[in-house]
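Visitor: Could you walk me through this structure, starting with how its strands pair?
Guide: Gladly, let us look at it together.

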Amino acid sequence: MRRPTLSNDFSWSKSRHEKFSECLRAYYLYYYRSWGGWEADAAKDVRELYVLKKLANRFSWAGSVVHESIKDVLLDWQAGRVVDPAVVEARARKLMQDDFRHSRGKGYWTAKYRKQFTGLVEHEYGDVVPDEAWKQNWETVRGALAWFFASRWPVIAKGLKPQQWLEVDAGFDFAHFTLDGLKVFAIPDFAFVDADGTTVVVDWKTGKARDGYDEQVLGYALYVSQRYRVPVEKVRASLVYLNEGKEQDVTVDPAAMESFHRHFEGSVAKMRALLKDPATNTPLDASAFPPTEELSACARCVFRRPCGREAAVAELAQQRQQQVA
């Protein structure tokens, strides 16, 4: 049986908004030009863009390993299984070692590996990364897991009754809600019903606080409100910064939700303004999506080669190394 043809439908997410805001060219390549790159008969340039878009940087990789580890732990506790923190740490370390070897050999161009990880942009472009920086990446993971196990969250999770569990990182294929008739992706790391009947959504963070995180968890609040039919103002949202050992409650009230809605409407309007046909999500010509002028953003971008910025980024990196020396 032939699988149904996928359609590139327009949707919204925090990550899509961030990419649109940082660089229109990267946005175009990521959401439009790379579409269909997974097909066996995909054009060579489309296939290249598709592989590149799947690459992570070492910081987001560390964060994803932490999230995967905590997800597995929560699912074990939900099933009533005993968890040994030392085993979790050892498993995460082994996973990162395997990931690193796969990425360093650029196996992502020819072999399937694991869904949650493809490869690292640092290896693709031969970025100079000191061994100490790679070691620090592991320390970020180890420290986040250590804080999690010493925090109040294991007691909370293990104390939940079966009916109190709602979701543990449901995954991109499932976690979305509808706002103004548009599909909005929102994937809370952890959602449950507290002892007092309050619905709680939690987002784990391995980096430092920055703008946009509040609105991200407000989206999670809307998601659980729609899916589990609870008033949004009765949802409690928390940001948990694992490597800083602190937590931040995010206010979920009419004013906050109105702010989220305005942000959403403005973002969608700007994206749709660059569509030739909004009904089919067909973009304007590539010239309508110019690359950013901020070369520092290009240094983090997976598309620096097809975008023609690879040499400029390499020169910038060399200048920075000389300044340090």
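Guide: First a definition: two strands pair if DSSP finds at least two bridges between them. Please keep in mind that this is a predicted model.

Visitor: In which sense do strand E2 and strand E3 pair?
Guide: Strand E2 covers residues 176-179 and strand E3 covers residues 182-185. They are joined over four bridges, and pairing needs at least two. The sense of the E2 and E3 pairing is antiparallel.

Visitor: Which residue in the turn of that hairpin has a positive phi?
Guide: E2 and E3 form a hairpin with two residues between them. Across the pair, His176 stands opposite Phe185 in E3. In the turn, the residue with a positive phi, of about 55°, is Asp180.

Visitor: Now the open sheet: which strands stand at its edges?
Guide: Five strands form this sheet, with mixed pairing, in the order E1-E4-E5-E6-E7. Two of them have a single partner strand each, so one side of each is left without a neighbour in the sheet. Neighbouring strands here are turned by 25° against each other on average, direction ignored. The edge strands are E1 (165-167) and E7 (246-250).

Visitor: Which residue stands opposite Lys246 in E7?
Guide: Strand E6, residues 235-241, runs antiparallel to E7. Five bridges join the two strands. Opposite Lys246 stands Tyr241.

Visitor: At what angle does helix H9 run to E5?
Guide: Helix H9 spans residues 213-228 and lies across E1, E4, E5, E6 and E7. Of these strands, E4 covers 190-193 and E5 covers 199-205. The angle of H9 to E5 is about 145°.

Visitor: Which helix gives the most to the lining of the second largest pocket?
Guide: That pocket holds about 320 Å³ of space. Helix H5 (85-104) and helix H7 (131-150) each supply at least two lining residues. Among the lining residues are Trp61, Arg93, Phe100, Trp134 and Trp138. With six residues, the helix that gives the most is H5.

Visitor: And how many residues of that lining are charged?
Guide: The lining includes Arg101, Arg104 and Lys135, alongside others such as Gln97 and Asn137. By class, five of its residues are nonpolar and two are polar. The charged residues number four.

Visitor: What is the volume of the largest cavity?
Guide: Counting cavities of 30 Å³ or more gives one. Its lining consists of His67, Ile70, Lys71, Leu74, Asp169, Asp189 and Trp204. The volume of the largest cavity is about 40 Å³.

Visitor: Which helix supplies the largest share of the lining of the largest cavity?
Guide: By class, the lining divides into three nonpolar, one polar and three charged residues. The largest share is four residues, and the helix supplying them, residues 58-78, is H4.

How values were computed. Residues are numbered from 1 along each chain as its sequence is written. This is a predicted model: local features need pLDDT of at least 70, side-chain atom pairs count only at pLDDT 80 or more; totals for chains, interfaces and linings use all residues. Side-chain values use heavy atoms; hydrogens and water are left out. On a 1 Å grid over the protein atoms alone, a cavity is a set of points where a 1.4 Å probe fits but cannot get out, and a pocket is an open set with protein on both sides within 12 Å along at least five of seven lines; lining residues have an atom within 4 Å of a point. Grid points are joined across faces, edges and corners, and a volume is the space filled by probe spheres set on the points. Ala, Val, Leu, Ile, Met, Phe, Trp, Tyr, Cys and Pro count as nonpolar, Asp, Glu, Lys and Arg as charged, and the others, Gly among them, as polar. Axes are lines fitted to C-alpha atoms, for helices over the stretch in contact, and angles run from 0 to 180 degrees between N-to-C directions. Contact means heavy atoms within 4.5 Å.
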